[in-house]
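Colleague: Could you walk me through reading a protein model, feature by feature? I am new to this.

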Amino acid sequence: MPFANIPYKSYCWCLGTTSYRTKNFNQNIERQLSLLSDFWALPDNANAEWNSNSTLQSAYYDFMKAAGFLTGDANNRPKDAREKTSGLKDIGLITEGRRLTEAGNALLSISKSGDFNPDNALKIPKDSFIYMKQLLKTSYDIGGNTVRPFIVLLYLLSKLHFLTFDEFTFLLPLCINKKITDEIMIEIKDIRAGGKEIETVMIDTLMGMDNYQAALDLLVKNRISEDLICTIGFNRKSRSFDKAYFPLYCALYNACINKGSSAIADAYKKTKNVNVGKFWRDYLFDTVSERAIQKSPAKHFKKTVLSEAKTETDFKIAFFKTMHLFKAKATMADYLDLNRRYIKTADVVLFEDNTVKLDIVPKHFFNDNIDALFTVAFEKSGQIYHNCSLEDIHPALKVNEKAIISGINTEFDTHVKTMEAAYSVASDERYKRLQVLIDTKFTDGNLINLLGLFESRSDDEISRLITDNAEIPTIFEYVLGIIWYKASGRQGRILDYMKLSLDADLLPKSHAIGGEADIVYEYGATEHYPEHCLLLEATLANASNQRSMEMEPVSRHLGQHLLRTGNLNSYCVFASNYLNINVVSDFRSRKTTEWFDTQDTSRYVDGMKIIPLQTSELKTIVQNRVPYSELYGVFEKAFRSTDRVPEWYEGSIVNKISNLEEVKV
């Protein structure tokens, strides 16, 4: 007779939906808002209802596809359309009916303007400020508990100063009410003192739920069977998905209770049929070699709570807890990516060195108000759709400049008295983090490897190594900036010079500000060169489209810069993985071509200096550690050369750079 169903209950939260995982996260959210805005503007859709309207949902899927937002053909177009937009609904950028909210329209407006520069006391980008406010208001119903995950995160970070990645992944999402949150904060302190393991806290939290207690009681009191194992597995899709646990249980029982040596090897095989089998294998065995386990089963079978069980009841309890621990770990490891993506949109949390912590100014802002803010951590916000002020979210969120200044002075042993001075301290610390980032992630060897990947367009590997929240051309611009910063002796405000959006971890996001060069590097006068700006332009356009894409914008950016600043010593370096000969020729011709102000033709510049570089030469610059002081001389001589274009690049640039070496100071 089948056992009565024991209902599954959610035990953790997840931001967004696992059915919508996307690269270029910020950019795709903004594109989605733009698409929805355009879709609802169509006359046929203006008055239509989204909910329970599969025809309209299919139409939106087709609309996204026609716009190039997605590829392929979904088996269930309405479902795919719902999934692609559900994450935006969760954080209040669109309504349940997929109409843009006031907050969504505010974010879209920023995206269309291209101006992401900070305009708030926390000094985070404009779009990030919208995301942060939305996350502060976002709540979920988890097993009858209302929880605002972002506030819970802020609370733990304020009280504990940081979370390890494991604490962030496996413990933070378990905080679904105040009682559990307070308990887990105490448990984390115990873990750090060496008194407990994360896994113990996880299973203790699960076992505090009545459905887990009921399931364990059912398992202990009944004879083992496949149906019993499937009943106590709580599989959300279907009981049948847990059938593989029954033979695993039997093999482990024979190995641990009956001490059957041959059952050990059998247990290893049975783990391969379980979805989270790797967790089981790592827990049970000290090797991944099946041959070694077959040869000496007992030798490779670890001592665990399962192997130490003395009775069937002990074994059942141990199996139940282990089964659900690994299920929970797999679920929350799966949620990690989404939680991190959504939280990173706010640009107030740093993910580095295996720790999660608040950035400097946000940390002292939230430290000042966290106790009051935490009082609404388990209540639903009525402001989710509005582009409201921080104080409308909670009165305690009024910016207290004195508290921020005091916190920064205490943390860094400084004595600043104004917010501008406090921002300066935070900026200095940001540059210190940049040095660490370069020393670890952007070593010379890593940069040369990356340049090779740009040449071969190994895009997936580039995303894996740097970030998948930026398009590859944006990453190329960013890497070029890092290379030039190193060549310049790490002098200059490169984070200001790069006209890119960077996240809190100082990595690029894919919405660069338009209208200027990718990077505008500022140089003061030295014995090697006059005061000037260097415009760095980067492209990964291929042979067929580079000419049309790059000739006009590069010349325009430099021409406008020269007219605006009046410093005719400024020039441009154009870097690419491939140089089209006609692009080189066009840039070379700018030496003798006038550039006019289209609004006032009496204003013009009499020629421009544009120096092209391929990634092969960038590799040489990195490998030989060529300083900018030497490169400037090469570029100036190349500019004044009278060689024909085909020979000019090879002779005046490539050969000269290859003969340069690091200048020892």
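Modeller: Start with a pair of strands. Strand β10 (residues 571-576) and β13 run parallel, joined by 5 bridges. Two strands count as paired if DSSP finds at least two bridges between them. Strands (E, at least two residues) and helices (H or I, at least four) are DSSP runs, numbered from the N terminus. Within this pair, Cys572 stands opposite Ile610 in β13.

Colleague: What should I know about the model itself?

Modeller: It is a predicted model: local features need pLDDT of at least 70, side-chain atom pairs count only at pLDDT 80 or more, and totals for chains, interfaces and linings use all residues. Residues are numbered from 1 along each chain as its sequence is written, and side-chain values use heavy atoms, with hydrogens and water left out.

Colleague: In what order do the strands of the open sheet come?

Modeller: The order is β8-β9-β10-β13, 4 strands with mixed pairing. β8 (519-523) and β13 (610-614) are at the edges with a single partner strand each, so one side of each has no neighbour in the sheet. On average, neighbouring strands here are turned by 20° against each other, direction ignored. Such angles run from 0 to 180 degrees between N-to-C directions, and the axes are lines fitted to C-alpha atoms, for helices over the stretch in contact.

Colleague: Which helix lies across β10 and β13?

Modeller: That is α28, running at about 85° to β13. α29 packs on the sheet too, touching β8, β9 (532-539), β10 and β13. The direction of α29 makes about 100° with that of β10. Contact means heavy atoms within 4.5 Å.

Colleague: Now a hairpin, please. How many residues lie between the strands β4 and β5?

Modeller: There are 2, and Asp353 in this hairpin takes a positive phi near 50°. Strand β4 (residues 349-352) pairs with β5 in the antiparallel sense, over 4 bridges. Leu350 has Lys357 in β5 as its bridge partner. Strand β3 (residues 163-164) is also antiparallel to β5 (residues 355-358), with 2 bridges. There, Leu163 stands opposite Val356.

Colleague: How do I read a nonpolar core?

Modeller: In soluble globular proteins, nonpolar side chains tend to be buried together. A nonpolar core is a set of buried Ala, Val, Leu, Ile, Met, Phe, Trp, Tyr and Cys residues joined through side-chain atoms within 4.5 Å. Buried means under 20% relative accessible area, exposed over 50%, and partly exposed in between (1.4 Å probe, protein chains only). The largest core holds 148 residues. Among the members that touch the most others are Phe150, Leu163 and Trp280. Helix α17 gives the largest share of this core, 13 residues. Beyond its neighbours within four places in sequence, Phe150 is in contact with residues including Met132, Leu136 and Ile343. A second, separate core has 78 residues, Leu502 and Cys572 among them.

Colleague: How many disulfides does the structure hold?

Modeller: It holds 0. A disulfide is a pair of cysteine sulfur atoms within 2.5 Å.

Colleague: Which parts of the chain does the pair of Lys327 and Asp242 link?

Modeller: Lys327 is in helix α17 (residues 312-344), and Asp242 is in the loop between α11 (226-231) and α12 (245-256), 85 residues apart. Their salt bridge spans 2.8 Å, N to O. Both residues are buried.

Colleague: Can we look at two more cases?

Modeller: Asp597 and Arg603 form a salt bridge at 2.6 Å, N to O. Asp597 is buried at 15% relative accessibility, whereas Arg603 is partly exposed at 34%. Then there is a network: salt bridges link Glu352, Lys357, Asp359 and Arg433.

Conventions. Salt bridge = Lys/Arg side-chain N within 4 Å of Asp/Glu carboxyl O.
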